[in-house]
Amino acid sequence: MFRPTFAVLNIKSLKNNLKIVQKIASKSQIWAVIKANAYGHGIKNVWKSLSSSDGFAVLNLKDAIQLRELGWEKPILMLEGFFTNKEIKIFNYYNLTSVIHSYWQIQELEKIVLRNPLNIYLKVNSSMNRLGFKNNQINYIWKKLSKNINIKNITLMAHFANTDKTNDLNLEINKINQFMNNIKYKKSFSNSAAIVWHQQIYNDWVRAGIILYGASPNDNWNDIVNIGIKPVMSLYSKIISIQKINSGDKVGYSPYCYQSESQKRIGIVACGYADGYPKNAPYGTPVIVDGIKTHIIGVVCMDMLIVDLTYCEQAKIGSHVELWGENIKINEIAKLAGTIGYDIMCSLNARVPIQII
Ligand SMILES: *Cc1c(COP(=O)(O)O)cnc(C)c1O
């Protein structure tokens, strides 16, 4: 017998989501962002189904090399660029596109001679103050890089902090344009949120992450459903024990145990925070047991969580439990647990087997 906790990846939904992105961003080429092991889904599990994208975006050289070895010939974008000068030649060998976000990287590119020039993404720090060059430096740096024989094509890249306000975004973009006077340049600005909510932004390349996996970049789940995006990952387990409790009985570890105010039938589910279910999911977080919606009670344990079966009369040992997926949105769980959908998917633990359908 195997522990009955497993994730299912719906490949049809993954392909469907990419098609939708391609339709929305029909004037752009698409980077499929598969960093963080494809947001917890596994690069190996998803890359083929995303191969009608125009390129893959990752962070680790290991992932890029794996993709080349799997036979991927289209572009690969390294989202944080090279971390040391030693990596530049490897980037060159594997034909990787490097983000250039800091001055030291430019200096390293001036010190060497490469066999083939690199394609680069020049990152402008449009608002986040994380990576990139300030708007007013960008024109100067662009010109400097254009003269570097190690560099082939330059694309200007921005990553927005704020995708909720269209006006703020347009201001950012206008500011970038203003500093790029007289330079015709290729752009890659939009992430999932901008692809969905700011279709007016022109991109030569968009960078789609979370919507490919079927979740929303924020709490606004309805807009995602309305454009036909479907969840890819589901997490399932089973009821492995049933208890009957009386009013006043406690459930789970103290001091944060749940104390019942009535007689209840409760079910123990073989899934806990060490599987990737959020530790902070509170009382009331929904689960589906044999098709009936109920909720968790008490705190989530390392390997188990506890659900109320009082109104799931048919539930028994072995009953099927959906923790998230087709019916319970990952965003809904994330919100209740005080986090975001990204965090939940990326946290799926390696001990959870993944089944592909
Ligand atoms: C992760 C990442 C993305 C993808 O973001 P989503 O919100 O998942 O679409 C795009 N661009 C950069 C620079 C990133 O790091």
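## What counts as a pocket

A pocket is an open set of points on a 1 Å grid over the protein atoms alone, with protein on both sides within 12 Å along at least five of seven lines. Its volume is the space filled by probe spheres set on the points. The model described here is predicted.

## The largest pocket

The largest pocket holds about 610 Å³ of space. It is lined by 28 residues, and those closest to its centre are Lys35, Arg130, His159, Asn191 and Tyr342.

Helix H2 (35-39), helix H9 (192-197) and strand S9 each supply at least two residues of this lining. The largest share comes from H9, with 3 residues. Divided by class, the lining of the largest pocket has 15 nonpolar, 7 polar and 6 charged residues.

## The second largest pocket

About 350 Å³ of space lies in the second largest pocket. Of its 21 lining residues, Asn119, Tyr121, Asn153, Thr155 and Trp205 are the closest to the centre.

Strands S2 (29-33), S6 and S7 each provide at least two residues of the lining of the second largest pocket. S7 gives the most, with 4 residues. By class, the lining of the second largest pocket consists of 8 nonpolar, 6 polar and 7 charged residues.

## The sheet

Strands of a sheet pair through backbone hydrogen bonds, either parallel or antiparallel. In this model an open sheet of 8 strands shows parallel pairing, in the order S8-S7-S6-S5-S4-S3-S2-S9. Strand S8 (186-188) and strand S9 (205-208) are at the edges; each has a single partner strand, so one side of each is left without a neighbour in the sheet. From one strand to the next, the twist averages 30°.

## Strand S7 and its surroundings

Which strand pairs with S8 over 3 bridges? The partner is strand S7 (residues 151-158), and the pairing runs in the parallel sense. Met157 stands opposite Ser188 in S8.

Helix H7 (residues 135-146) packs on the sheet, where it touches strand S6 (118-124) and S7. The direction of H7 makes about 165° with that of S6. Both S6 and S7 also supply residues to the lining of the second largest pocket.

Key: Residues numbered from 1 in each chain as written. Predicted model: local features only at pLDDT ≥ 70, side-chain atom pairs only at ≥ 80, totals over all residues. Heavy atoms only, no water. Pairing = 2+ DSSP bridges. Axes fitted to C-alpha atoms, helices over the stretch in contact; angles between N-to-C directions. Contact = heavy atoms within 4.5 Å. 1 Å grid on protein atoms, 1.4 Å probe; cavity = no way out; pocket = protein on both sides within 12 Å on 5 of 7 lines; lining within 4 Å. Nonpolar A, V, L, I, M, F, W, Y, C, P; charged D, E, K, R; others polar.
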